[in-house]
Amino acid sequence: MRLRVMVLCGAMCLSGVAANAQMGATAPAIEAGTPVEPSKTLDALLSLYEGEVVAVAKAMPADKYSFAPSAATFAAGSPAKFDTVRTFSQQVTHIAEANYFFYSSFSGLKPDMDRATMDKLANDPKTSKEDALKMLTGSLAFAHKAIATITAANAFVAVKPIDGQNTRASIAAFGVAHGYDHYGQMVEYLRMNGIVPPGSK
């Protein structure tokens, strides 16, 4: 089942790359049948996601970074429960912390942020926009470095499993899929504050 989900995520990401190319982005011309390094393919998926999530993180005003949906956001009588949902800031820092976790797990690279600082920023519902964005962009830069360690020879060699994924390629792809989950939530947070997400403009 998890393999099917990964294949579906990969197909969706590739569709996104194609759609992005159709909307004006320039995709490198590669002749069909040409072998492509796994790192380049995975890095392209990460870059596509990076552009979208960073744009959404920047679109939320600093004074709304502590926003989280609550019962008051919805119509009276709604059964929705939001007591434990993350603030917008926590969405951003959770993605960043997960990036460091996923991409260090298979690359052997050491994160450029210490664990205590990560935990502090990720657990604080009021971490500032500046600090959250810095953590997010730093984690994405780290993810690119980690993906560069993936080769045709090691991409599908088993490593220590992370969330059911046990190869460098599948963990790297899962990192993007996980990020898109939270990206979708962040888009909803923007909408709840009357902000049109950058990807919809």
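**Exercise 1.** Find which side chain is joined to that of Gln 91 by a polar contact, and say whether Gln 91 is buried or exposed.

*Solution.* Start with the pair: the side chains of Gln 91 and His 182 form a polar contact of 2.8 Å (N or O atoms within 3.5 Å, one able to donate a hydrogen and the other to accept it; residues adjacent in sequence count only if both atoms are side-chain atoms). This is a predicted model, where local features need pLDDT of at least 70, side-chain atom pairs count only at pLDDT 80 or more, and totals for chains, interfaces and linings use all residues. Residues are numbered from 1 along each chain as its sequence is written, and side-chain values use heavy atoms, leaving out hydrogens and water.

Next, check accessibility: Gln 91 has a relative accessible area of 1% and is therefore buried (under 20%; exposed is over 50%, partly exposed in between, with a 1.4 Å probe and protein chains only).

**Exercise 2.** Check the length of helix H3, residues 88-107.

*Solution.* Gln 91 lies in this helix (a DSSP run of H or I, at least four residues, numbered from the N terminus). With 20 residues at 1.5 Å each, H3 should span 28 Å (1.5 Å times one less than its number of residues). The end C-alpha atoms are 29 Å apart, which agrees.

**Exercise 3.** Work out how H2 (residues 38-59) is oriented against H3.

*Solution.* Their axes, lines fitted to C-alpha atoms over the stretch in contact, with angles from 0 to 180 degrees between N-to-C directions, cross at roughly 155°. H2 and H3 are therefore roughly antiparallel (over 145 degrees).

Terms used. Helix = DSSP H or I, 4+ residues; strand = E, 2+ residues; numbered from the N terminus. Parallel < 35°, antiparallel > 145°, perpendicular 65-115°, else oblique.
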